[in-house]
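Student: Could we go through this structure together? I would like to begin with the charged side chains.

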Amino acid sequence: MGNSEEISREVGTELLFENDRVKVWGMALEPGETSPYHQHDNDYVFVYTTPSRISGGQGEVREYEEGYVQYTEVGGGIRHSITNVSDVRHHQIIVEMKGGSVSATPQTPQNNGRSRSAG
């Protein structure tokens with residue numbers, strides 16, 4: 001991503017809930033749609049509520065089962081966007097834990113294994 005592209009701090013397409021501890025987002029992407037390029041400043045968990053086929057931007061495509069869960073410690077922040085490369089709508093719930101990351105550097109995400117490479 002180029003420096004001219006604006007980096008959003010909105011990590012989903014709709015803010016569903018917020019209090020002093022968490023922000024809960026929904027993200028819905030139609031077929032072929034790409035999320036805004038955004039930065040995660042807080043550790044987060046997401047849950048895919050639909051079976052999905054997603055590209056993370058480096059050309060890697062993965063298939064995810066409904067109920068895929070991932071936890072990520074972002075360290076100083078993670079920037080990315082995702083693209084729905086399937087022919088059906090993608091939806092996920094993202095829960096950000098406020099207060100920054102518990103890690104100094106980004107850590108390898110932990111997940112429940114409900115995904116596979118589509119390439």
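Student: Is arginine 53 buried, exposed or partly exposed?

Tutor: Arginine 53 is partly exposed, with a relative accessible area of 28%. Buried means under 20% relative accessible area, exposed over 50%, and partly exposed in between, with a 1.4 Å probe and protein chains only. Please note that this is a predicted model: local features need pLDDT of at least 70, side-chain atom pairs count only at pLDDT 80 or more, and totals for chains, interfaces and linings use all residues. Residues are numbered from 1 along each chain as its sequence is written, and side-chain values use heavy atoms, with hydrogens and water left out.

Student: Which residue does arginine 53 meet in a salt bridge?

Tutor: The side chain of arginine 53 meets that of glutamate 63, at 2.4 Å from N to O. A salt bridge here is a side-chain nitrogen of Lys or Arg within 4 Å of a carboxyl oxygen of Asp or Glu. The pair links distant parts of the chain, ten residues apart: arginine 53 is in strand β5, and glutamate 63 is in strand β6 (residues 61-64). Strands (E, at least two residues) are DSSP runs, numbered from the N terminus. Glutamate 63 is partly exposed, at 21% relative accessible area.

Student: What else forms a salt bridge with glutamate 63?

Tutor: Arginine 116 does, with the closest N and O atoms 2.8 Å apart. Arginine 116 lies in strand β12 (residues 115-117) and glutamate 63 in strand β6, so this pair ties together parts that are 53 residues apart in sequence.

Student: Changing topic, which members of the largest nonpolar core touch the most others?

Tutor: They are Phe46, Tyr48, Ile82 and Ile94, in a core of 13 residues. The elements giving two or more residues to this core are β2 (22-29) and β4 (44-48). A nonpolar core is a set of buried Ala, Val, Leu, Ile, Met, Phe, Trp, Tyr and Cys residues joined through side-chain atoms within 4.5 Å. In soluble globular proteins, nonpolar side chains tend to be buried together.

Student: And tyrosine 48, what is it in contact with?

Tutor: Leaving aside neighbours within four places in sequence, the contacts of tyrosine 48 include Ile54, Tyr64, Tyr68, Ile82 and His90. Contact means heavy atoms within 4.5 Å.

Methods. Helices (H or I, at least four residues) and strands (E, at least two) are DSSP runs, numbered from the N terminus.
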